[in-house]
Amino acid sequence: MIRFEFEGNVYFITKTGVVDEHYCLLNDAEGLKVACAYYSSVPYHELSEDDLLDYVRQSAKAGAFKNALAAYEYGIKKYSLYSFGKSAMPTIAAGYRRVGQPEKAIEFAKRCIRDSDLCSVPLLTSMAAAFCDVGDLDNAKKYCNLAYALQGGGPGYKNELSLVYCRIEKLENRGSRGSK
């Protein structure tokens, strides 16, 4: 637990979120505000590779995606895409989507697959969701199907991949109703 003072108050940054001085979880908006302030104050350029990767994961988990993306981009330049970022790739692709940059999520995921040959179900799922964001349903289906094949098929439980399939179906249905 890390103690952090912000706007005259004491907070603690934990692995599960931000708490106040009474150890009560903050509401989402306040927690995000404090998390962003905390992660902005951390000199991530001085962190070791392992600590930097932890910083990326924790800041993304806290909702401080801009901080996570900046640190991740620094990390892949300093270390390498393969060694530094393989475990955080889906988080970063999702982070680009969360800050309203689905095109960068697509570009990033393609680069990961091309440059490092690290193709994973979570990365492909995030990429498919980004294609939905930009309205490219053909590519969204293509990458969902590839993720599904890598996953080995399986039951239709409510994982992220099945939710992207549902989103594609809804968008297709909305489009077909609009063209009648």
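On a 1 Å grid over the protein atoms alone, a pocket is an open set of points with protein on both sides within 12 Å along at least five of seven lines, while a cavity is a set where a 1.4 Å probe fits but cannot get out; lining residues have an atom within 4 Å of a point. The model here is predicted, with local features needing pLDDT of at least 70 and side-chain atom pairs counting only at pLDDT 80 or more, whereas totals for chains, interfaces and linings use all residues. Numbering starts from 1 along each chain as its sequence is written, and side-chain values use heavy atoms, leaving out hydrogens and water.

The largest pocket comes out at about 340 Å³, a volume being the space filled by probe spheres set on the points, with grid points joined across faces, edges and corners. Its lining has 16 residues, and Pro122, Thr125, Ser126, Glu160 and Val164 sit nearest the centre. Helices H5 (89–98), H7 (121–133) and H9 (160–178) each put at least two residues into this lining (helices are DSSP runs of H or I with at least four residues, strands are runs of E with at least two, and both are numbered from the N terminus). Sorted by class, the lining of the largest pocket has eight nonpolar, five polar and three charged residues; Ala, Val, Leu, Ile, Met, Phe, Trp, Tyr, Cys and Pro count as nonpolar, Asp, Glu, Lys and Arg as charged, and the others, Gly among them, as polar.

Next comes the second largest pocket, with about 260 Å³ of space. Of the 13 residues lining it, Ile2, Tyr38, Tyr39, Asp54 and Gln58 lie nearest its centre. H1 and H2 (49–61) are the elements giving two or more residues to that lining, and H2 has the largest share, with four.

Tyr39 and Gln58 turn up again in the lining of the largest cavity, along with residues including Ile13, Val18 and Lys61. This cavity holds about 60 Å³, and its lining splits into five nonpolar, four polar and two charged residues.

As for the sheet, three strands form an open one in the order S1-S2-S3, with antiparallel pairing (two strands pair if DSSP finds at least two bridges between them). S1 (2–6) and S3 (18–20) are the edge strands. Five bridges link S1 to S2 (residues 9–13), and Phe4 stands opposite Tyr11 in S2. Helix H1 (residues 28–41) lies across S1, S2 and S3, at about 105 degrees to S1; contact means heavy atoms within 4.5 Å, and angles run from 0 to 180 degrees between N-to-C directions of axes fitted to C-alpha atoms, for helices over the stretch in contact.
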